[in-house]
Amino acid sequence: MDSSKRPNRLFRNLSAKIASIPMILTAVVVFLGGTAWTVIYSFTGSRLLPKLKFVGFDQYERLWSSRRWMISIENLAVYGICSLILTLLLGFTLAALLDRKIRFENTFRTIFLYPFALSFVVTGLAWQWILNPDFGIQGVVRGWGWESFSFDPLNNPDIVIYGILIAGLWQGTGLVMVIMLAGLRGIDEDIWKATRVDGIGLFKTYTRVVVPMMRPVFVTALVIIASGIIKLYDLVVAQTNGGPGIASEVPAKYVINYMFRAQNLGQGFAASTMMLVSVIIILVPWAYLEFGGKKHG
Amino acid sequence: MADTTPMSFDAAVLTEPRGPKPRRRLSRRNIFLYGTLLLVSVYYLLPLYVMVVTSLKGMPEIRMGNIFSPPVEITFEPWVRAWSEACTGINCDGLSRGFGNSVRILIPSVALSITIASINGYALANWRFKGSEVFFTILIFGAFIPYQTMLYPIVILLRELGLMGSIGGLVLVHTIFGMPILTLLFRNYFTSIPEELFKAARVDGAGFWGIYFRIMLPMSLPIFVVAMILQVTGIWNDFLFGVIYTKPATYPMTVQLNNIVNSTQGVKEYNVNMAATLLTGLVPLVIYFISGKLFVRGIAAGAVKG
């Protein structure tokens, strides 16, 4: 190959094709094939081993009548909506503050972003300790003399998901801040001058001029946050392991429990197919907006 | 907001009749600005501080005092115990085993995934063939498919290959799931290299591999560093694949950590737990603090284009 002076078209393609085999295999066999396989087997009654014995929508019926699944969905919805709004709001606010030509910008950015380098397991365990009812925040405040103070989200089924949210926000907001900061840096200096000439207030400049201009950045951030939310698993396992009881279960954990612990493969496949469907519902409108008119890339 | 004109100059021009107003360092705006930033910083730094402080205390002190107070008597025993004595089930040889496993998973995974992805990216940028963009699009959309849908088919795949439960199997899994983002990263980078260079090399008779090794590789060291940062932190922090595709003897550090801390038997040793947590977080933290701007660039490149 190296020595040939003018490789013909077929030969050139051959080399690139051979080099792309791992990519093609991954895309077609694992991503497409694997997903299709799971969807097909979600209509079977597979238990310990996958068996092609179709049972129609039985698995889905059982899934949607399962209390555990409903709790999982509810938790994901609460966590998802809160984390989406708060991450965008906090991320943008922090980025805007850092963008005000402040001193120690790098220090602040380093502080806000470092949790993102940590794993969800580390995040979950750290916050599990801070929210520990006896030694954590609650214990400390009680130690100050406020005996009736109560802040124990991880042992209260009603608010446990917010305890996880605190940790999730801590870990993930830095990333959105960095994306927003990059977006803010891309806004022309003339825009700022123009709004100052027109005497538009700072808050109004942000909400009416800057945010609309950063629409693509917001969309990107939205997609990243949304795809992260659906994957929520390690954090829950580390922080509460789904407890107390099943109060902080999430769909990803449901899938893994049924596939690898409860040996009810069909149920796991059905649940994971539902996760796929929810991703498609988010992804398709975005892909349409993003790549609808122009060519991909 | 580039640093072209100082603020005071602008203010002078724009509010001419009043004349330039000297900027006080402690204006209300600055107090609000730095106050907010400092407050948020506390939220971000608190867990790290609490972890460090807890890991340096003895158990009696933890039971007595509060988690925010600095240790009265600094002890490194929890760190030693976390590293070499902490128990998971019947094994009591500490996190060192998980660390060893994670290193043995990390090195081949990073090497393999970056090698494959860089070649993919290069082929996609410079040697497009019929269908290459289709495969690439599938690959990118694959990055959004929840892992849960592909978990079991991969179990079957690994079983067929005889790699289930082994470190080799996990390396393969990391290579597969790292591929979309890394391929995108390399493809975008190679596309930005001037095409004239590629054409000149072609005229001089260099082929696919010749151009890759002699031109593209030497020119793209920064992007390799970015990819490495991305992969090292990503693979080190992985929990899901570790827990599913390995067995207790080959558990990576994150899985072992979770088993140590969340095991229900025995008395909870919070100081050992926090030392173990910090030990697990140390590798990505060190990479983060050393790499600084490159880390930001890596996640920005991965995120914004994704």
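How many helices and how many strands are there in chain B? Chain B has 15 helices and 0 strands, where helices (H or I, at least four residues) and strands (E, at least two) are DSSP runs numbered from the N terminus. This is a predicted model, in which local features need pLDDT of at least 70 and side-chain atom pairs count only at pLDDT 80 or more, whereas totals for chains, interfaces and linings use all residues. Residues are numbered from 1 along each chain as its sequence is written, while chains are lettered from A and ligands numbered from 1 in the order in which they are written.

Of the 306 residues in chain B, 42% are buried; a residue is called buried if 20 or more other C-beta atoms lie within 10 Å of its own, exposed if 12 or fewer, and partly exposed in between, with C-beta atoms placed from the backbone. Two residues are in contact if their C-beta atoms, placed from the backbone, lie within 7 Å. Among the contacts in chain B with a separation of 6 or more, 73% are accounted for by residues 24 or more positions apart. One residue of this chain, B:Lys199, sits in helix H9 (residues 195-203) and counts as exposed, because it has 11 C-beta neighbours inside 10 Å. B:Lys199 lies 9.8 Å from B:Asn126, C-alpha to C-alpha, although 73 residues separate them in sequence.

The interface between the chains comes next. In it, 77 residues of chain B are in contact with 84 residues of chain A. Helix H2 (residues 28-55) of chain B supplies 11 residues, the largest share of the side of chain B that touches chain A. By class, that side of chain B has 51 nonpolar, 25 polar and 1 charged residues, where Ala, Val, Leu, Ile, Met, Phe, Trp, Tyr, Cys and Pro count as nonpolar, Asp, Glu, Lys and Arg as charged, and the others, Gly among them, as polar.

One helix pair spans the two chains: helix H14 (residues 265-291) of chain A packs against helix H7 (residues 148-161) of chain B at an angle of about 140°, with their axes 7 Å apart. Axes are lines fitted to C-alpha atoms, for helices over the stretch in contact, and angles run from 0 to 180 degrees between N-to-C directions. H14(A) and H7(B) are therefore oblique to each other, given that angles under 35 degrees count as roughly parallel, over 145 as roughly antiparallel, 65 to 115 as roughly perpendicular and the rest as oblique.

Helix H6 (residues 120-130) of chain A is mostly covered, with 11 of its 11 residues buried, including A:Trp127, A:Gln128 and A:Trp129.

In helix H4 of chain A, A:Ser83 is buried, with 21 other C-beta atoms within 10 Å. Leaving out residues up to four places away in sequence, A:Ser83 touches A:Leu165, A:Gly168, A:Leu169, A:Ile225 and A:Ile229.

Some loops of chain A have backbone features to inspect. Most residues other than glycine have a negative phi, and most peptide bonds are trans. A:Lys101, in the loop between helix H4 (67-98) and H5, has a positive phi near 50°, and A:Lys101 counts as exposed because it has 11 C-beta neighbours inside 10 Å. A:Gln263, in the loop between H13 and H14, also has a positive phi, of about 50°, but with 13 C-beta neighbours inside 10 Å A:Gln263 counts as partly exposed. The peptide bond from A:Gly243 to A:Pro244 is cis, with omega near 0°, and A:Pro244 lies in the loop between helix H12 (234-239) and helix H13 (251-261).
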